[in-house]
Amino acid sequence: MGNTAAQEIAAGYATEGAALELGAVVIDGVVDPTAKVRIPFATLNRHGLVAGATGTGKTKTLQGLAGQLSDAGVPVLLADVKGDLSGMARAGESNPKIASRATDTGDDWTPTAYPAEFLSLGGKSSAIPVRATLTQFGPILLSKVLQLNDTQESTLGLIFHWADQQQLPLLDTKDLRAVIQHLTSDEGKADIKGIGGVSPATAGVILRSLVNLEAAGGEDFFGEPEFVPSDLLRVIDGKGVVSLLELSDQAANPRLFSTFLMWLLAELYEELPEAGDLDKPKLVFFFDEAHLLFNDASKAFLERIEQTVKLIRSKGVGVFFCTQLPTDIPNAVLSQLGARVQHALRAFTPEDQTALAKTVKTYPTTKNYDMEKALTSLGTGEAIVTVLSETGAPTPVAWARMRAPRSLMAAIGEEAVTAAAHASPLFGKYGETVDRESAYEKLTAKMAAPPAPAPADAPAPPPPARREKEQPGMIAEVLGSPAVKSFLRSAASSLGREITRGLFGTRRR
């Protein structure tokens, strides 16, 4: 039964085009190395999920997928939360376990190194610092980082709107503090009176949240030079660049890390042109610790995530969410993930058992496996898989023994990461912080400058020359109306100052 059933399952994964090889089918504990489980490259922008308990092999699956994508010339962004993916920059080292896995999966295993860029949030790490300005980040994502409620988020949006209109760049946290303090002063209250107000209580909450963000290293992340997402779309010697984004000093603030990944995705959506159906994606984005993005998210925020995931695929970008449980992902997002790679689940508590039952219901029915038993019996480096075929139909459920990564399955050390980062052309572009004039400096200068007194002996201006009044035509009369003039001045001024913002409130470049 084993071999025949395995071949029947593998037939659902057969593809004429290029594909990622995940591994080989397992039936009743027997693996068939000729029964391959694949994901067609053409369906990778239908997104995916890699899930499983700690220690079940998720990280190695990500490493293996990223390596194959790079070999195919597809750039990859990996969130290296634990810092153990730096080995992608070096060729793997063979050992008996790798040799056995290669035999099981029918893989002609060859040690391979990949072009890697080492990135980190903020400016204190040895890797290439990645920053964003607050103006670019926008109020919606910042509210998520600051854990603001709906009222506070609305107020923060008003603050950004006023700063946009006044052409006050919010580059870093001190700029936002300066604007909030100005808008709660007597002069600032008059400035914002026409579009609402900022209550001292709400301003206090936002300022306290900013202080906590700065204490967690956030002030090193917000600033310039700002990272340009298109720098992720690079190919070197035919291999896609693997960008490894580490937590660095943001380990105490994983919420910023996950929200920053969402910012990058939103920026890519705004920046990239429509691509249609491609033979392979322009970029594959692995969104690790995805549950942090969805925890405590407002309904509006979740709707924006859902919309971004729907739309980004038309730009040729594939997104894989990585987390422990599929139930960490909202149903509206989970339903859009065409590829599912589920490593072993634990069922030690009633909550675990509930999550297991829900996970089973998300898979197509299968005669080959008892899904509850299978999901709790998977060995390390094994997964339950179903993907989309090239026709868009789900493939049969397969118990797969995953291929071993071809790069080094260990960290290469901080010194090696530092050397690689400093040798990168991106380090020259982003390595040094730039602090140009922005909202803080402009408001500080405004408060410090005394009003210019009028000279006591200045001559009075001469009266305007009297002219005979002409009778205007109807159009001239309308355009000459004080109310119309005021409206046109306001509209022109607003168009000149207003910053256009995208789906997540991020500034469009």
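## Gln63 and its surroundings

Contact here means that heavy atoms lie within 4.5 Å of one another. In this predicted model, Gln63 touches Leu85, Met88, Pro405, Ser407, Leu408 and Met409, when residues up to four places away in sequence are not counted. Gln63 belongs to helix α2, which covers residues 58-71, and its relative accessibility of 1% is under the 20% limit, so the residue counts as buried. Its side chain also reaches the backbone oxygen of Leu408, at 2.9 Å.

## The open sheet

The sheet is open and consists of 12 strands, in the order β2-β1-β14-β13-β12-β3-β11-β10-β4-β9-β5-β6, with mixed pairing. At its edges stand β2 (30-40) and β6 (128-130), and because each has a single partner strand, one side of each is left without a neighbour in the sheet. From one strand to the next, the twist averages 30 degrees.

Strand β12 (residues 339-342) pairs with strand β13 (residues 382-386) in the antiparallel sense over three bridges, and Thr386 in β13 is the bridge partner of Arg340. Strand β3 (residues 48-51), by contrast, runs parallel to β11 and is joined to it by four bridges, with Thr323 of β11 as the bridge partner of Ala51. The pairing of β10 with β11 is also parallel, over five bridges, and here Phe286 stands opposite Phe320 in β11.

Strand β11 is mostly covered, seven of its seven residues being buried. Val317, Val319, Phe321 and Thr323 point one way from the strand, while Gly318, Phe320 and Cys322 point the other way, and all of them are buried.

Helix α11 lies across β4 (76-80), β5 (116-121), β6, β9 (242-246), β10 (283-287) and β11 (317-323), and runs at about 160 degrees to β10.

In soluble globular proteins, nonpolar side chains tend to be buried together. The largest nonpolar core of this model has 75 residues, and those with the most contacts inside it are Phe137, Leu142, Leu176, Leu245, Phe285 and Phe321. Helix α11 (residues 254-271) gives the most to this core, contributing 10 residues. Another core, of 60 residues, lies apart from it and includes Leu44, Ala339, Leu378 and Ala398.

With neighbours within four places in sequence left aside, Leu245 is in contact with Leu77, Leu78, Ala79, Asp80, Leu119, Ser120, Leu121, Val130, Phe257, Phe260 and Leu261.

## Helix α6

At its start, a side-chain oxygen of Asn149 reaches to within 3.1 Å of the backbone nitrogen of Thr151, whereas just after α6, Gln167 takes a positive phi of about 55 degrees.

Definitions and conventions: Residues numbered from 1 in each chain as written. Predicted model: local features only at pLDDT ≥ 70, side-chain atom pairs only at ≥ 80, totals over all residues. Heavy atoms only, no water. Polar contact = N/O pair within 3.5 Å; in protein donor to acceptor, adjacent residues only side chain to side chain. Helix = DSSP H or I, 4+ residues; strand = E, 2+ residues; numbered from the N terminus. Core = buried A, V, L, I, M, F, W, Y, C linked by side-chain atoms within 4.5 Å. Buried < 20%, exposed > 50% of the residue type's maximum accessible area, 1.4 Å probe, protein only. Pairing = 2+ DSSP bridges. Axes fitted to C-alpha atoms, helices over the stretch in contact; angles between N-to-C directions.
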